[in-house]
Amino acid sequence: HQDDRTDSVPIKNIERELICPICKELFTHPLILPCQHSVCHKCVRELLLLNHEDSFDAGSECSLPGSPGPRSRVPSPSMERLDRLARSGSMSSPGWRRGSVTPRITTFPCPGCQHDVDLGERGMSMLFRNFTLESIVERYRQAARAAVAIMCNMCKPPQQEATKSCMDCKASYCNECFKFHHPWGTPKAQHEYVGPTMNFRPKVLMCPEHEMEKVNMYCEVCRRPVCHLCKLGGSHANHKVTTMSSAYKILKEKLSKAIHYLISKEDQVKTQISHLEVLINETEEKGQLAERRTDENFERLFETLQERKFEMLRSIEQSRTRRMDQLRGQVDEYQGMLENSGLVGYAQEVLKETDQSCFVQTAKQLHTRIAKSTESLRTFHPVADPSFDEFVLDTSREETLLKELCFGGVPDPPIIDLSRSRVYNEGLVCWQLAEDTLATDHQVLEYRKLGVEQDEEEGGSHWRPTVLVYGPSTVVCDLEANSLYSFRVRSCRNSFYSPYSPEVTFHTPPAPVFGFLFNDKCGFSSERLTLSKLRDSVESAAGMAFLLAAERVQTGSYMGLDYIIGDTGISQGRHYWAFRVEPHSYLVKVGVASDSKLLEWIHNPRDTSSPRYDHDSGHDSGSEDTCYDLSQPFTLLTVGMGKVFIPKASISTAGNDHGNRVLPMPQRIGVYLDYEAGRVYFYDANTMRCLYERQVDCTGTMYPAFGLMGSGKVQLEEFIAAKRLSYM
């Protein structure tokens with residue numbers, strides 16, 4: 001029964017939670033995707049390009065009043081967004097799969113988290129309707145007065161406004177019609193009714209995979225309600241399930257605690273909101289200040305350019321005037337050489353002088369001038385060059401400088417990615433660049449060793465930069481073993497450096513990296529183990545061979561392990577390697593073993609043996625305990641079901657308490673072998689915390705050894721698989 005009373009929280013304040021991520025409108029018949037995000041039914045339908053005749057009801061009854069039936073495909077805001085999504089190429093990615101007969105998409109990225117959602121062959125029929133969200137949306141519509149009044153379904157015209165809705169009849173009634181159709185003393189009087197609504201949820205949620213079965217359990221692996229058939233033989237057969245009442249109680253308690261925690265932090269939230277508002281105001285003010293400074297800087301540039309422009313134009317004008325005067329003077333000079341004009345005309349008049357003394361007195365100077373003019377005729381040369389090449393500017397350098405002006409400001413700092421970074425005696429440090437529209441020129445990674453008490457002059461605590469990096473990662477070499485290093489990185493764009501990223505620390509292993517791949521030649525069982533193409537991961541599946549062998553298992557017996565070893569052995573020195581054991585793995589043994597012991601295990605298989613058949617076999621969980629005082633040529637640690645099991649005799653744990661011996665499985669496990677000291681150590685590779693150590697008899701060649709039983713997978717670290725070392 002849906003409680004109709006409204007909580008104290010104003011319903012209008014939660015609008016952002018009621019918006020579909022695809023159509024950006026209030027949810028209409030929302031469906032719950034496997035990733036727990038909700039999407040409108042119509043948006044999923046349009047997204048999958050389903051036929052109009054496909055059934056609507058997902059995870060409930062096949063037909064519900066108010067559910068959308070077949071409708072013509074008309075343009076809508078949501079459809080336009082989907083069309084843009086299709087045109088952008090999102091639907092052509094590998095995650096979009098279409099059937100071979102009809103173009104029907106079954107896999108698409110969730111618009112909320114971008115994880116691939118695979119609906120399988122049943123399509124939308126595998127999805128539950130989110131009735132809770134649907135009810136909240138309807139209450140929001142009513143509170144916002146955005147919905148029209150709900151009318152009585154039974155009244156004759158004119159219809160009256162409904163006052164109640166019957167969840168059993170799936171209809172709305174006014175007061176009179178409700179009394180008439182639900183008379184006292186009849187079974188209908190016991191029907192469940194609520195306030196006027198269009199959301200007629202089923203009384204019992206039905207399983208979408210087995211339509212006739214009620215949902216009565218909750219799968220903790222898939223985090224969704226299931227029925228008993230799903231658990232018995234369906235897709236949830238091997239999953240951990242709990243009762244619906246238990247799941248309801250646990251989830252409601254968790255949600256209540258989370259809500260109460262947030263409410264208790266209301267003052268802190270308000271303080272942070274106030275801080276954010278201050279930052280918003282500060283950002284606005286500093287942004288305006290940056291705009292004013294930019295205007296001033298460009299105005300100065302414009303003024304400088306204008307000044308240089310005027311100076312250059314004035315110089316050109318002066319040069320032009322001077323040259324014009326010179327050329328005009330030369331023209332006048334040559335005009336004087338013409339008959340009856342200028343110098344020639346004057347000379348002709350002088351020749352008319354009959355007095356010899358007077359003629360000689362005047363003719364001498366005149367002859368000199370005419371000689372010069374005659375010479376200028378033979379060697380004609382303009383007195384001025386009409387070219388203004390000296391005033392042609394090459395502004396390419398200045399244009400380049402202007403184009404390189406950093407208009408993007410200081411770039412945002414990158415963030416070091418801890419999930420992809422690995423630090424051994426060499427370190428692979430990866431980072432995520434800031435989401436900026438402008439590309440950076442390069443990055444600079446800096447690192448330093450922590451805990452170094454040396455003088456500043458010796459550079460013991462100085463940051464050491466790497467060479468310029470033009471990608472999102474780099475390798476740092478020659479790191480010291482068993483040391484703590486701090487790393488930071490910053491970006492550069494147009495000579496402007498970003499602030500440093502937050503510092504991150506890594507603890508290097510106690511020995512150099514030992515590189516190897518899985519050996520598929522020595523004792524490898526291809527029937528029960530699957531090796532990756534690169535031989536860097538191995539997987540065991542509980543298949544038919546496991547089931548057939550189970551017929552020979554008697555009470556007190558157990559199944560044998562399938563062993564696989566590294567393709568490189570160790571005969572000296574100290575070495576470290578790391579790997580991941582997948583959380584779903586049932587039982588995996590990890591450690592080291594000598595070549596002689598491996599030959600015994602591989603060539604003398606015991607599919608069904610007593611746990612005490614050979615107490616130093618390494619097969620059972622008690623072998624390490626009973627023989628801890630003996631120096632054996634092997635040591636294997638038990639990992640499985642998300643746990644690490646520490647042997648009772650471990651010196652790393654206090655006492656033999658079961659709670660101290662069962663630890664959560666680390667994301668990455670490291671193994672350190674000191675061959676000369678005859679000792680092996682097991683680490684949480686993320687924190688470099690030692691989980692367990694013991695003596696081991698290093699006689700002959702020691703190999704990394706792994707044993708798998710049931711379903712499981714081991715993945716070598718990239719650095720381990722990439723390095724191949726040789727030994728004498």
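Student: How many bridges join strand 32 to strand 33?

Tutor: This is a predicted model, in which local features need pLDDT of at least 70 and side-chain atom pairs count only at pLDDT 80 or more, while totals for chains, interfaces and linings use all residues. Residues are numbered from 1 along each chain as its sequence is written, and side-chain values use heavy atoms, with hydrogens and water left out. Strands (E, at least two residues) and helices (H or I, at least four) are DSSP runs numbered from the N terminus. Strand 32 (residues 679-684) runs antiparallel to strand 33, and the number of bridges joining them is six.

Student: Which residue of strand 33 is the bridge partner of Tyr683?

Tutor: Two strands pair if DSSP finds at least two bridges between them. In strand 33, the residue bridged to Tyr683 is Cys690.

Student: How far apart are the end C-alpha atoms of helix 9?

Tutor: The expected span of a helix is 1.5 Å times one less than its number of residues. Helix 9 (residues 356-378) has 23 residues, so it should span 33 Å. The distance in the model agrees with this, at 31 Å.

Student: Which helices do the buried residues of helix 9 pack against?

Tutor: Buried means under 20% relative accessible area, with a 1.4 Å probe and protein chains only. The residues of helix 9 that qualify are Ala363, Leu366, Ser373 and Ser376. In turn, helix 9 is part of what covers the buried residues of helix 8. The buried residues of helix 9 pack against helix 7 (266-335) and helix 8 (342-350).

Student: Is Ser486 buried or exposed?

Tutor: Ser486 lies in strand 18 (residues 484-493). Its relative accessible area is 1%, so Ser486 is buried.

Student: Which side chain does a polar contact of 3.0 Å join to that of Ser486?

Tutor: A polar contact is a pair of N or O atoms within 3.5 Å; within protein, one must be able to donate a hydrogen and the other to accept it, and residues adjacent in sequence count only if both atoms are side-chain atoms. The side chain joined to that of Ser486 belongs to Glu503.

Methods:
Buried means under 20% relative accessible area, exposed over 50%, partly exposed in between (1.4 Å probe, protein chains only). Contact means heavy atoms within 4.5 Å.
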